[in-house]
Amino acid sequence: MSDGRGTGSSQRWEPVIGLEIHVQLKTRTKLFCRCEAGWGAEPNRRTCPVCLAHPGTLPVLNGRAIEWTIKLGLALGCRVAERAIFHRKHYFYPDLPKGYQISQYDEPLCVEGRVSVPGPAGDLEIGIVRAHLEEDAAKTVHVGGAGGRIGGAEHSLVDFNRGGTPLVEIVTRPDLHSAEDARRFLQLLRQTVIELGVSDAEMELGTLRVDANVSVRRAGEAALRTRTEIKNMNSFAFVGQGIQAEAERQIGIWESGGEVVQQTFDFHAGSRTLTASRSKEEADDYRYLPEPDLVPVEPSRELVERLRAELPELPGARIRRLEGAVGLEAAAGLVTGGRDRLFERVVAAGIEPRAVGNVLMNQFAGTGVDPEAVDAAELARVIEARDRIPRSAFVEALAASGDPGFSAGPYLADAAVSDAAELEPIVERVLAANEAQVAAFRAGKQGLLGFFVGQVMRETAGKANAKVVSELVRSRLER
Amino acid sequence: MSAGLAPWALGSDTGGSIKQPAALCGIVGLRPTYGTVSRYGIVAFASSLDQIGPLGKTVRDCALLYRIIAGRDPCDSTTVDLPEPVELPKREDLRGLRIGVPRELNEAEGIEPGVAEAVARAIDLCRELGAEVGECELPRSVEYGLPCYYLVAPAEASSNLARYDGVRYGFRAEGATLRELQRRTRDAGFGDEPKRRIMLGTYALSAGYYDAFYGQAQRVRTIIRAEHDAAFERFDVLAGPTSPTVAFRLGERTENPLAMYLSDLLTIPSCMAGLPGLSLPCGLSAGLPVGLQLVGRQFAENTLFRAGHALERALAFDRVPPRLAAA
C-alpha cells in the first residue's frame, strides 16, 4: 500500500504532508570560509579558524552558493527576494562551534514557488514556501551506548569537515496527500537539483535530507489538524514508510477518540518504527538574531535574469513531453533516472519508443552505464537486434555501450540460433532429462517454463533465441 | 599612552571604550565610522557596534594611524572603501565650519560642573576660531540611547560569547560530562559583568521578547540615526562632553553597574548611529582631564580631524597634570 488513502476505516482520512528538504551544495569551498567542501578527507582536516569559530574570525559569504540557491529557487518557480538577510539561529550542541548556525529566517532568498509534478491524475501542484541558504553543522559520532545516539554514549566525536558546508533548505506547502505524492515530488526535485549541477543529492550520503510534517484530516475537512514531524529518513523508500506509518498512527489515535500531540519523531529503518524525540513543551528557542557580521544580500536584476536564462528544460516538462510516447510511469522513470535524453536520441534513430523505454528502464539501467557517454546510433542498432541476438550478447553489448568507440557490430554478428530444426533435438534432450519437472508442469506448474528455457540456454551456451525456445517447449509439452 | 610609554594605541570600542578612556586620560581618541576599520581579529562583543580606532597624543597622530587601518578588508564583509582619502589636518582655524551644540548632550543630568565649564570654554573657542556655533537637539538619542544600547550590546554579546565553551580552545575547567565541563568553564571563565550581560541578552532575544526588546531597540536605533541626520543638515560637527565626569577612582564603580553604565551616556548615541566621534582633551576639572567630544557625519573623519586639530592648537592643552609637573 503506497497510497495513504488506503483501505478499511482509513478510507475517510486524508494525509496532509509538507516536506522540509535540505540540499547540500557541491561548491568547491564552504559557505563562509575557504575550506574545501565535500567528502573524503580525514576527519577535521578541512577546517580553519573561521569554521572552527575561533575568536576574532568573521564569515565571508560564498558568492557561488548565492547564485546556485537563486538558480534552484528559479527552477522551483520561486520569486527571488530583492533583499535577503542572514540570521543567527542559536542552540548549544557540539556540532555547532559558534553556538549558532548562520541561516535565513524572515527574509529568505527565494520565496513563493510552485512545482508541477506529473501524476496519474494530472499534475500535482506543490507550493514552495521558501528556499533559503544556510550552513551545515559538523558531524557528530556517538561512541558506545545504544543506536549511535548521544544519550548513553560513552563519548562523542565531532568531525568539523562538514561544518559550514552550504545547504539549501526548501520548505513545501502541505500540498502532498500521500506517500506516493511525496515520492514523485522528491524524485523530480532530486533530478532538478542534479541537472542544475548544484548538488549530488544523494540521500544515502546525506547530501539530500528530507523531513516530513504530517497530519491527517477527514476527507472534505478544510482545517488542518495537529501535525508531527518525522526526521531521519535517509532514502526515498524510508520517506514513504515513515509518512505511511505516521499517518496510520494518527488515524488510529483520532479514531479511538484521542488527540494527536505535536511532536518530532525519528524514523528507524530497521524496524520501520517511529520514536518520539521531543515534544512541543521542550521546543527550542533559537533566539534568532539578524547576523551583524554579514551585509544583506541584494541580487541584481541582471544576475537573476542571467541565471533564469541559464536554466535547462526542467524534468517536469520533459516527463510531460515523453508521456504520450511511453506512458507516465516510464516517462517519469526515464527522466528521474537521467536517461530521457538518450531515449530521445535512440528513438530519433528509428526505434520503437516503448521498446527503447523498456530497455533503458530495465536492462540498461542495470548496467550502471552513464547515459551521456553512449553513442545513441550504436545503441539503437543493439536494441533493434534485441530479439535476434543471444540474450548474453545483448546484455554484454549494453554493458559496453558507454565505452569509447563502442560499436554494435561484433555483438550483432553473434546472431542467436533461431532455427527450430536445430533447437528441437536440444529441447527433447532437456525434457527427457527432467521428467519430474515435466510432470509438474503438466500438473499445472506453468512457472517451470522458464526453467526449461534456462536449461536449453545452458546447453547452447546462451546462443539460442529464448523466444523461439520458449515457443518450442510450450508446444512440445502442451501437445 | 598618557604616561608616554607608547606613541600610538589601537582601542576596541563598542559604546565608548575609545573616546571615554581618551577623555579620562587626557589624550586623543577616534571612534571611526562603523565599517571603515576591519573587525577581523578582535574578540567580538557586540558585532553591530564593535569598532577599532586609534588613540594618540595628538589629533594628527590619530589621523596618521587611521590612514593606515581604514578601508575595506575582504575578511570583514561589513567594511567599505573610504569615499575620500584621509587628510592630515593643517588648518588652524574653523572658518566655514558649523558646529552644533546638542542641548541634551551638554545639559544631561550628572555632568559635573567642572566638565561643563571646560567644554563651554572650548565651544567659545570654536567661535573665536571662526566657526558658526548654534544650539540643536537630540532629544530621543540621549534619552533612549543608553537603554537601547544595553539591549543591543548584551543581546549580541550573549550570542558572541557562546563559543567560549572550553571545548576547542581557551580556558577549560574539568568536568565528567560535556555539559559539566561547559558549565564549569563558563562559571569560572566569565566574570560577573559578562555573565550579567549574557543573561540580559539571552532574555532580550528570547521568543516572545525579541520584538519588545532587541527589535524595538533596533527601531529606536534608526530613530537615533535619523535625529543625527537632521542635526547634520544644519551643522558639520556636534560638540559636547565625552564623559559626564573626570576619571573616577579605581574600583569605585564596580559595585554599582548602573553608575558605570551611565558613564557611557554621552558616547553611546553616536555609536548607536554608527557615526564617527573624536575625543580630545579640553582642560582640567579638579586637576583631571576633561574630554571634548566631536561627532561627525558618516565618513566625515576628515572634518573631525580638521576641527580637532585647530582646537587642539588653540587650546594648547598641557598633558602633564600640574600635580606631577610640580613634583
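This report walks through a predicted model with chains A and B.

## Chain A at a glance

Chain A has 479 residues, and 41% of them are buried. Its secondary structure consists of 15 helices and 14 strands. Along the principal axes, the C-alpha atoms fill a box of roughly 85 × 60 × 50 Å.

Take the contacts in chain A with a separation of 6 or more: 69% of them join residues 24 or more positions apart.

## Where the chains meet

The contact between the chains draws 23 residues from chain A and 25 residues from chain B. On the chain A side, 14 residues are nonpolar, four are polar and five are charged.

Setting aside neighbours within four places in sequence, A:Asp285 contacts B:Ser206 and B:Ala207. A:Asp285 counts as partly exposed because 14 other C-beta atoms lie within 10 Å; a buried residue would need 20 or more, and an exposed one 12 or fewer. Within chain A, A:Asp285 and A:His90 are 195 residues apart in sequence, yet their C-alpha atoms are 7.8 Å apart in space.

## A sheet in chain B

Chain B contains an open sheet of eight strands. Their order is E1-E3-E2-E7-E8-E6-E4-E5, and the pairing is mixed. Strand E1 (8-13) and strand E5 (132-136) of chain B form the edges, each pairing on one side only. On average, neighbouring strands of this sheet are turned by 30° against each other, direction ignored.

In general, strands of a sheet pair through backbone hydrogen bonds, either parallel or antiparallel. Here, strand E6 (residues 237-241) and strand E8 (residues 288-296) of chain B run antiparallel, joined by five bridges. One bridge pairs B:Ala239 with B:Leu294 in E8(B). Helix H8 (residues 211-234) of chain B lies across strand E4 (98-102), E5 and E6 of chain B. The helix runs at about 140° to E4(B).

## Nonpolar cores

Nonpolar side chains tend to be buried together in soluble globular proteins. In this model, the largest nonpolar core has 160 residues. Which members touch the most others? They are A:Ala182, A:Phe185, B:Val152 and B:Val237. Helix H5 (residues 139-160) of chain B gives the most to this core, with 10 residues.

Now zoom in on A:Phe185. Not counting residues up to four places away in sequence, A:Phe185 touches A:Val115, A:Val117, A:Leu124, A:Ile126 and A:Leu176. A second, separate core holds 30 residues, including A:Ala330, A:Leu360, A:Phe394 and A:Leu398.

Technical notes. Residues numbered from 1 in each chain as written. Chains lettered and ligands numbered in written order. Predicted model: local features only at pLDDT ≥ 70, side-chain atom pairs only at ≥ 80, totals over all residues. Contact = placed C-beta atoms within 7 Å. Nonpolar A, V, L, I, M, F, W, Y, C, P; charged D, E, K, R; others polar. Helix = DSSP H or I, 4+ residues; strand = E, 2+ residues; numbered from the N terminus. Pairing = 2+ DSSP bridges. Axes fitted to C-alpha atoms, helices over the stretch in contact; angles between N-to-C directions. Core = buried A, V, L, I, M, F, W, Y, C linked by C-beta atoms within 7 Å.
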